Amino acid sequence: MNLTARETGIVFRIMSELSNDHNLSVLRETIGKLILELLEAQYFASYVWNGKKAVFENRIALNMSDENLSEYETYYQYRDPITPRLQRRRKTTAVSEVMSRRAFEKCEFFNDFLARDGLHFGINCFAYSAGQNIGDLRIWRGTGKEDFTRRDLAIMDAIGPAFTNAVRLALIRENRSGSSLPLTNALERADFAALLTKREREIAGAVLLGKTDQQIADTHFISITTVRTHLKHIFSKLNITSRTQLMHRIALH
């Protein structure tokens with residue numbers, strides 16, 4: 001897929017932002033602005049799926065009204081005919097791929113929610129980790145614009161893995177275990193978990209929570225020297241040299 005000079009520049013900016021240590025909200029807002037520029041779209045929203053409550057929450061939005069989005073969160077997301085279908089896709093998908101335009105324009109979700117803010121053509125990209133939906137990107141074009149093309153979807157699919165990895169890292173840093181990505185589950189699912197002893201997994205988990213050597217020692221009633229010995233063994237077994245690399249190793253699973 002060939003990109004224009006303009007597109008290439010924006011994609012480089014997106015990848016640069018995805019490599020920064022943004023918190024989850026700043027990450028999604030920053031990327032959202034760049035994606036709107038890249039795809040020449042007008043509207044953006046992003047949510048984090050709470051699997052326990054079966055709701056989308058922690059909204060980030062651009063060029064959409066707070067009042068309308070509040071109604072989405074309290075009413076329309078439970079009567080949404082498209083997002084559950086899009087959510088099951090593991091690649092960027094256009095609304096037109098899951099529902100005909102004719103049926104879409106007749107439904108309550110379009111007429112009473114989307115059209116109020118001027119949203120007409122949309123694509124959704126969902127990030128998944130260990131089988132869980134951990135965040136999404138919802139991009140829309142307005143009245144008088146054209147629907148997204150297969151090329152637009154391919155561009156988003158190329159960005160998708162880096163976005164997913166950035167969301168994983170942000171969730172690990174913030175320890176959003178209640179909503180999307182339990183740290184202990186992420187660690188236990190990692191293919192290298194069997195290389196670590198039970199105590200080493202406990203130490204690694206504490207590192208992921210941002211605890212210092214002293215805090216780990218106090219929690220586990222061991223000396224700082226013992227903590228550092230465990231860390232040395234963990235780093236050696238995983239062929240890494242730092243806490244940051246440990247976070248990246250967990251984030252990739």
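**The second largest cavity and its surroundings**

Mentor: The lining of the second largest cavity has 3 nonpolar, 3 polar and 2 charged residues. The model is a predicted one. The volume of this second largest cavity is about 40 Å³. Its lining is made by Val95, Ser96, Arg101, Phe104, His120, Phe121, Gly122 and Asp147. Which elements supply at least two residues each to the lining of the second largest cavity? They are helix H5 (95–98), helix H6 (101–106) and E4. With 3 residues, E4 gives the most to that lining.

Next, the other cavity. Searching the whole structure turns up 2 cavities of 30 Å³ or more. The largest cavity holds about 120 Å³ of space. Its lining consists of 14 residues, and nearest the centre lie Tyr72, Phe113, Leu114, Arg138 and Trp140. Two or more lining residues come from each of E1, helix H3 (66–74), helix H7 (108–117), strand E4 (119–129) and strand E5 (132–142). H7 has the largest share, 3 residues. By class, the lining of the largest cavity has 11 nonpolar, 2 polar and 1 charged residues.

E4 belongs to an open sheet of 5 strands, in the order E2-E1-E5-E4-E3 and with antiparallel pairing. E2 and strand E3 (93–94) are at the edges and have a single partner strand each, so one side of each has no neighbour in the sheet. H8 packs on this sheet and touches E3, E4 and E5, and the direction of H8 makes about 140 degrees with that of E5. Strands in a sheet pair through backbone hydrogen bonds, in parallel or antiparallel fashion.

At the other end of the strand order, strand E1 (residues 43–50) and strand E2 (residues 55–62) run antiparallel and are joined by 6 bridges. Phenylalanine 44 has leucine 62 of E2 as its bridge partner, and tryptophan 49 has phenylalanine 56 of E2. The hairpin of E1 and E2 has 4 residues between the strands, and there alanine 54 takes a positive phi near 55 degrees.

The largest pocket holds about 220 Å³ of space. How many residues line the largest pocket, and which lie nearest its centre? There are 13, with Ser19, Asp21, Leu169, Arg173 and His248 nearest the centre. At least two lining residues each come from helix H1 (5–18), helix H8 (150–174) and helix H13 (243–251). H8 gives the most, 5 residues. The lining of the largest pocket divides into 6 nonpolar, 5 polar and 2 charged residues.

Last, the packing of H1. H1 and helix H2 (residues 24–39) pack at an angle of about 175 degrees, and their axes are 10 Å apart. H1 and H2 are therefore roughly antiparallel to each other. On the H1 side, the contact is made by Arg6, Glu7, Ile10, Val11, Arg13, Ile14, Glu17 and Leu18. On the H2 side, Leu27, Thr30, Ile31, Leu34, Ile35, Glu37 and Leu38 take part. By class, the residues of the contact of H1 with H2 divide into 9 nonpolar, 1 polar and 5 charged.

Conventions: Residues are numbered from 1 along each chain as its sequence is written. This is a predicted model: local features need pLDDT of at least 70, side-chain atom pairs count only at pLDDT 80 or more; totals for chains, interfaces and linings use all residues. Side-chain values use heavy atoms; hydrogens and water are left out. On a 1 Å grid over the protein atoms alone, a cavity is a set of points where a 1.4 Å probe fits but cannot get out, and a pocket is an open set with protein on both sides within 12 Å along at least five of seven lines; lining residues have an atom within 4 Å of a point. Grid points are joined across faces, edges and corners, and a volume is the space filled by probe spheres set on the points. Ala, Val, Leu, Ile, Met, Phe, Trp, Tyr, Cys and Pro count as nonpolar, Asp, Glu, Lys and Arg as charged, and the others, Gly among them, as polar. Two strands pair if DSSP finds at least two bridges between them. Contact means heavy atoms within 4.5 Å. Axes are lines fitted to C-alpha atoms, for helices over the stretch in contact, and angles run from 0 to 180 degrees between N-to-C directions. Angles under 35 degrees count as roughly parallel, over 145 as roughly antiparallel, 65 to 115 as roughly perpendicular and the rest as oblique.
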